[in-house]
Amino acid sequence: MTKVTDRKLIVGLDIGSAKITALIGEILPSNEMSIIGVGSHPAKGMDKGGVNDLDSVVKTVQRALQEAELMADCKISSVYLGVSGRHIRCLNEKGMVPISDEEVTQDDVDNAIHTAKSVKLPDEHRILHVLPQEFAIDFQEGIKNPIGLSGVRMEAKVHLIACHNDMVKNIVKCVERCDLKVDQLIFSALASSYAVLTEDEKELGVCVVDIGSGTMDIAVYTSGALRHTSVVPFAGTSVTRDIATVFGTPLNDAEAVKVRYGCALGSMVSRDDTIEVPSVGGRPSRSLQRQTLAEVIEPRYSELFGMIKAKLDELTEDLQAQGTKLQLGAGVVLTGGAAQIEGVVECAEKILQCQVRVGSANNVAGLTEYVQAPTYSTAVGLLHYGMENQSEKPIEVKNISSVSNIAKRLHSWFKGEF
């Protein structure tokens, strides 16, 4: 491989239940992210965000990374790693401190945030992200940047995302066995929001739902800040298993049929459309109406969106108890592999009763044709996150000059680095 100098590179690794994706991005002089390497392989050994076969995961990660390295013509040694799973927990906390001087300093901000995140977590959990929402000084609330303002005491409101130590250790172990280090762990829905949401949507209020194979990862923003995160341990695989069971076809073939012919709303399918569905045990394929397939898929997608609605209804009640209201002016943004099926927007709007769109990665250059599909949103988001949240210690990339720190300290706090 050629020796590359004076290049700012970031690597994102998304270890999903169905697919493992590695992306190498270069930060251009224009501060734009350019994709220069892509590696993607079907996942083995993962289930609902957890590792159940370490060796299989390691082998697939190695293949994905080697493919990306070959395309980018470089050798990497560290990654930004996405994590998910039902072990993810979120909390909204407050921290109050006296203002040490006549006006708020960076130390005051740090102390308020430290106080807010000093809460007792469930056993074996640790904080993954600390994301400030807003500040209040005396009687003035809703302050985004308090530095330089005068007052007596300051309160910080933060969103905490926590993870289970052992679950995360297993994911990190897979990466370390590939002779790599993890620069930072990022919750998958947070990463996806970096790739598919606009600042206007976050300000108006929006819910991003990353529908993968094993989990649905949820992140809710209002007034520009993250208010809620959660993981639903059901997703695309549930639909695939229904197809396999009803039509007696192997899981791999059921997945292929779902992707190629599936529709999440039966009323959108013509009664004249027919499809070929493979059988098991060497039996011949069968010809079926496509609408019959949709009649199997629609109830499951409706159930999945019903789970999302239940989460949003629960959040609405919690906020009402705090004297605030959940307003999703920008509706819901779906992304992830299972969001690519026909009719998914119409089905979601029917259940959620709000505007819905399918989001794919934006604000990237380079090999965009490889990463435009919603299934790459988390991996692209990891690159954006890495670009905005690089720590003072440079990312180590073999044969490549280290990446300079581009995020200011307070900006890093607001993006969840601590």
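Beyond its neighbours within four places in sequence, Leu326 is in contact (heavy atoms within 4.5 Å) with Val220, Thr222, Leu312, Leu315, Thr316 and Leu319. The model is predicted, with local features requiring pLDDT of at least 70 and side-chain atom pairs pLDDT 80 or more, while totals for chains, interfaces and linings use all residues. Residues are numbered from 1 along each chain as its sequence is written, and side-chain values use heavy atoms, without hydrogens and water. Leu326 is located in the loop between α8 and β17 (332–335); helices (H or I, at least four residues) and strands (E, at least two) are DSSP runs numbered from the N terminus. With a relative accessible area of 13%, Leu326 is buried (under 20%, 1.4 Å probe, protein chains only). The C-alpha atoms of Leu326 and Pro278 are 46 Å apart, at a sequence separation of 48 residues.

Helix α8 (residues 290–321) and helix α9 (residues 344–352) have axes that come within 9 Å and cross at roughly 50°. On the α8 side, Glu298, Tyr301, Ser302, Phe305, Gly306, Ile308 and Lys309 meet Val344, Cys347, Ala348, Lys350, Ile351 and Leu352 of α9. By class, this contact comprises eight nonpolar, two polar and three charged residues.

Ser78 belongs to strand β6 (residues 78–83) and is buried, at a relative accessible area of 1%. The side chains of Ser78 and Asp183 are joined by a polar contact of 2.9 Å (a pair of N or O atoms within 3.5 Å, one able to donate a hydrogen and the other to accept it).

Definitions and conventions: Axes are lines fitted to C-alpha atoms, for helices over the stretch in contact, and angles run from 0 to 180 degrees between N-to-C directions. Ala, Val, Leu, Ile, Met, Phe, Trp, Tyr, Cys and Pro count as nonpolar, Asp, Glu, Lys and Arg as charged, and the others, Gly among them, as polar. Buried means under 20% relative accessible area, exposed over 50%, partly exposed in between (1.4 Å probe, protein chains only).
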